[in-house]
Amino acid sequence: MSEPNLAPRIPDALSERRLIELRREAETKGTINTKGVRPGGAPFPMASPETGYYGIPLLKEPAWTWEIPLYFFVGGAAGAAAVVGAIADYTGADRKLVRDARWIAAAGSVLSPALLIADLGRPSRFLKMLRVFKPQSPMSVGAWTLVGFSAGASATAFAQFLGDRYGSSFPVRVMERAGQAASLAFGLPFSNYTGVLIGATAIPAWNANAGDLPMHFGMSGLSAAVGMLELMGNRRSRALEMLGIGAALFECWEGLRIETRRQSGLDPLKYGPSGTLTRAGGVLSGPVPAALRLISLFTGARNSSSLRKTAAASAIAGSLLTRIAWIYAGHVSARDWRIPLGISSQT
Amino acid sequence: MAITAFLTDSTLCIGCKACEVACKEWNNVGEDGLEWSGFSYDNTGAVGASTWRHVKFVEQTPEPGFGGNAPELNSWSFSSDVCKHCENAGCLEACPTGAIVRTEFGGVFIQPDICNGCGYCVVSCPFGVVERNPDDGRAFKCTFCYDRQKVGLKPACAKACPTESIKFGEIEQLRGEAEKRVASLVGRGMKDVQFYDASDSSVGGTHAMFIVRGDPRSYNLPPKPQVPTVYMKKAWRSSALGALLLLGGTIAAFLADGNRNGR
């Protein structure tokens with residue numbers, strides 16, 4: 001801020017012209033449009049059925065911190081990896097693939113509760129989730145699914161470790177079988193329940209997609225799991241290739257669905273920074289890996305491995321970006337007072 | 001135990017904010033910053049973790065011939081907002097810990113010693129009432145003065161209200177009173193008076209009812225609030241389909257894979 005000039009000032013043509021200009025503006029417009037004279041929002045806003053209560057958001061924004069979208073990503077990938085690992089084991093696929101899938105699931109089963117606890121603030125708060133089981137609360141169902149999944153996936157990986165290190169024995173085999181069955185059973189809902197979690201809320205951009213989000217998140221998780229397995233070296237597996245193509249095509253369709261549906265509640269997914277992020281996530285999850293994988297499949301090229309590696313990396317990044325974008329879109333959507341008031345927005 | 005309710009009559013509200021102060025004092029809720037919003041005399045904005053009662057100052061286009069307003073002056077009404085204590089409460093359904101319960105008086109109450117701060121109630125409230133306290137992470141909202149009701153007292157806001165704009169009592173009785181009040185106001189020429197209790201939506205009615213002038217949307221009262229459980233069926237169906245697709249797709253992919261080794 002500059003010091004006020006206390007020396008007497010000599011009026012000149014310029015200063016007088018400015019004063020007349022101010023007077024004219026005040027006379028004609030009723031207000032002066034200059035820094036410092038306008039209180040926030042002046043001229044005083046009015047409440048109306050078209051503008052709501054001064055455009056103050058009706059809904060509260062999600063209170064979740066950065067751990068939650070990351071948890072959505074980790075949980076989705078881990079759940080799908082457990083399913084892939086179990087089926088691969090049951091159908092007698094390559095042992096390395098089975099082992100890698102188990103490690104991904106186990107890593108996710110450790111990381112997931114850690115992320116949730118970080119969001120809640122302290123470990124004892126997570127235990128409160130296990131006071132009751134409430135089928136009508138997706139958060140409660142999810143917490144119990146996570147516990148079942150974590151137990152199963154970590155037991156499987158531990159048995160795997162014991163078997164590799166000390167040789168297989170009956171108790172180890174029992175733990176491996178039981179853990180794997182549990183991680184398969186819980187992995188299926190674990191890979192996509194987060195879609196239910198945000199779909200069944202009051203946030204318009206989320207609940208408008210309640211019927212699609214779980215499948216979308218599940219396929220995104222599968223895409224990430226396949227990508228991780230491929231980056232870990234399982235690039236010869238035909239099955240992974242098929243799963244990767246399937247998941248990427250599903251994500252293409254999902255992107256198309258979001259882009260073509262006309263509904264004002266979906267604006268945060270299409271416009272503004274949250275729309276850009278959603279699109280970026282969608283392109284990296286859908287068209288990019290789909291194209292790379294199809295090229296690799298049909299050309300049978302020598303560089304198939306590097307194509308699949310790129311597709312895998314793109315799918316993983318896309319899966320993570322997609323979750324971040326959906327949470328971000330939820331924030332933007334909660335700020336829009338028009339949707340819950342039934343006022344259609346113009347874009 | 002009588003099922004109780006609030007009836008907040010904005011035609012009687014004088015915007016004194018005694019309810020806000022009474023609520024904060026009785027419940028020991030801290031102040032939440034003093035900032036000029038530029039929105040009439042409302043510098044709080046909305047109910048939240050630290051504002052359980054909130055007076056809205058609604059400046060609307062003139063309604064000539066009412067209340068002695070000069071035709072060019074805005075009509076100005078006040079309305080004290082509060083948690084709606086829904087019949088089908090989104091927050092209560094969503095709470096994974098069982099911290100949010102329905103009290104014997106019909107209100108929705110968050111037990112602070114059980115709340116673990118998961119924040120799911122925040123996104124499940126169709127009225128945007130519940131909020132996480134940024135300092136300790138738990139969710140807070142109007143308790144319907146459960147402690148006072150238990151010993152037979154009125155909630156603090158209703159007791160402090162100088163004009164009986166905030167009425168408290170047995171719910172059916174208040175509904176009857178509201179009906180009579182609306183009829184009487186309309187009879188006196190206040191044709192734009194409306195009763196709001198969201199009973200025609202999936203929320204199934206509220207324990208905080210309102211009489212407002214003009215469109216409830218001007219008061220940020222949603223015309224069709226939806227309890228999020230209505231989306232549950234669709235979402236779980238998609239989840240089941242997704243799980244089937246994942247399982248079926250994985251089985252098919254691995255069975256079709258000719259390069260299987262092992263067994």
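Tutor: What follows looks at that side and then at its setting in the chain. This is a predicted model, in which local features need pLDDT of at least 70 and side-chain atom pairs count only at pLDDT 80 or more, while totals for chains, interfaces and linings use all residues. Residues are numbered from 1 along each chain as its sequence is written, and chains are lettered from A and ligands numbered from 1 in the order in which they are written.

Chain A is divided into domain 1 (62–190) and domain 2 (192–347), with bounds that come from an automatic or database domain assignment, and the centres of the two, taken over C-alpha atoms, are 22 Å apart. Their contact (C-beta atoms, placed from the backbone, within 7 Å) draws 27 residues from domain 1 of chain A and 26 residues from domain 2 of chain A. On the domain 1 side, helix H2 (67–90), helix H3 (95–120), helix H5 (138–166) and helix H6 (170–190) of chain A each contribute at least two residues, helices being DSSP runs of H or I with at least four residues and strands runs of E with at least two, numbered from the N terminus. H2 of chain A gives the most, eleven residues. By class, this side holds 19 nonpolar, five polar and three charged residues, where Ala, Val, Leu, Ile, Met, Phe, Trp, Tyr, Cys and Pro count as nonpolar, Asp, Glu, Lys and Arg as charged, and the others, Gly among them, as polar.

As for the setting, chain A has 14 helices and zero strands, and 75 of its residues are in contact with 71 residues of chain B.

Methods: Two residues are in contact if their C-beta atoms, placed from the backbone, lie within 7 Å.
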